[in-house]
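Hello,

Here is the structure I promised to pass on. Please have a look at it first, and then read on for what turned up.

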Amino acid sequence: MIALASSLVLAFSSAGPRAPRMCVAPASPARHPPPLAVGPRAAKFDQLIAESQVLEATELLAAGGVDLTRGRARALLDAACARSFAQMQRRPPSAAADAAADAAQAAMLDEQQEQQQRQLQLVYDSLRREGALRGYGSVSSISLLPAADVREVSTEEQLRLTGLPTASFAPRTGSSAADLVAGAGSALLISVVSDQLGLDVRLSIGVVFLAFVLDRILLRGAVLESATRLLKPGYAATVRKHEAGHFLVAYLLGCPIEACLLDVWSAARDNRFAGAAGTVFFDPELGKALAQGSITREIIDRYSVVVMAGIAAEAATNGKAEGGQADELALIQLLGSLGGGKSWDLPRVRNQARWAASQALLLLREHNVAYQALCDALSRGEGVGACIAAIEDGLDEQFGRNGELPAQLRARKLVKKDAGEEKAPRTESGMQGPGSDALDARRQEIDDRLKAINERLAREEHTWT
């Protein structure tokens, strides 16, 4: 499910009718110690990470002289996420006596969270500049999505784009046959146990119902979620695939990942989650837009693709989405709140959902090696840093260490088209290695031209309050 508040943290639901939300209690930096340092600056960098001095380590990295191995990048990410986690857990409950004081306290906490998010974004941006996070923000614009030229997605068009019918992207509503059988079996078990103990069956049902309510209130459904995963072996794998979809698509679209939790009991202890699992990230541009009271189509589209990515992942891997009702609801609520509720009618919302789910599925397919590597890392209980390292390893394996990523190839073609150049023949070798000065200049030229294109498109698109 998604919590879209002034904090701008998005916590996405995982699969299943109970919509468990998945987060990651970020791993301690000590869990994956960086390799032994070679020079004094690298040794200082390792020491700062061990002491959770994230900002100082980031500044030292920017100053140069640090051998930034993948292990060090992973350790810095984990330290930043652990710091963010600790700050969120220290947020005190509101105890203000009046509305004004309560609002002041809320504003202070929001400012603290905004500062924490800026620090985390600084870490991601720094690692990207150093070349450690090649995939982060590679889809820097909606114009670089796999089928960006398609805006109207009917059910027929969705089938053409994805090879899957629209029904595959529709989360299951109601109870499945297995759920009904399990419910009937539970009722029979309660009846038999009550008879054996000489208890009134109505009293037994009341006790069970009370336990269910307490589990939801005190443990955020952890007991029921654990029982569900025990009785349905495939359910945990579906949750993992669902959340990996949110994680990878958010990463590719340049949204810093703060946490991703699959463990039920860890989620129950995490103040950022109201459910049993979830993924937490934030969109810096969305935060600015909400603060200014207006939001552009580019931001809406990015949000839509990420929020529908869990459903798309299930459809891609299982052929059918089991969960994601809360994801759909979050998208509907956001779109319905724009323009006083008059800008997005139901047919337009449905088109946006089909468009976003199709784009997310195509992204996952063209980065399938990185997606599988991420799923494997989540199955091992890895933290955010190790999960991102797995994504980057998958990108290297699929596209080569110096090869173009799909969005980079589309960016180059878009710039050529905009500049009116002749269409160059496509080669298999892609771009050269990063050691070429000419290549660096060409990449900078592409980035500048792409930025100009995006700015022009932003002026042409609608903006909502």
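Arginine 348 lies over the face of tryptophan 344, at 4.1 Å from the ring centre. For a charge to sit over a ring, NZ of Lys or CZ of Arg has to be within 6 Å of the ring centre and within 35 degrees of the ring normal. Another such case is arginine 151, whose charged end sits over the ring of tryptophan 355 at 4.3 Å from its centre.

Before you go further, please note that this is a predicted model, in which local features need pLDDT of at least 70 and side-chain atom pairs count only at pLDDT 80 or more, while totals for chains, interfaces and linings use all residues. Residues are numbered from 1 along each chain as its sequence is written, and side-chain values use heavy atoms, with hydrogens and water left out.

Back to tryptophan 344: its C-alpha is 9.9 Å from that of leucine 334, and the two residues are ten apart in sequence. Leucine 334 is found in helix H14 (residues 325-336); helices (H or I, at least four residues) and strands (E, at least two) are DSSP runs, numbered from the N terminus. With a relative accessible area of 8%, leucine 334 is buried (buried means under 20% relative accessible area, exposed over 50%, partly exposed in between, with a 1.4 Å probe and protein chains only).

Now to the aromatic rings. Rings of Phe, Tyr and Trp (its six-membered ring) pair if their centres lie within 6.5 Å; planes under 30 degrees apart count as stacked, over 60 as edge-to-face and the rest as tilted. By this rule there are two aromatic pairs. Tyrosine 124 and tyrosine 136 form a tilted one, 5.1 Å centre to centre with 40° between the planes. Tyrosine 124 lies in helix H4 (residues 99-129) and tyrosine 136 in the loop between H4 and helix H5 (155-162), so this pair ties together parts twelve residues apart in sequence. The pair of tyrosine 136 and tyrosine 251 is tilted because the ring centres are 5.7 Å apart and the planes are at 45°. As tyrosine 251 lies in helix H9 (residues 233-252), that pair ties together parts that are 115 residues apart in sequence.

For the overall picture, the protein has 19 helices and five strands, and 48% of its 465 residues count as buried.

Best wishes
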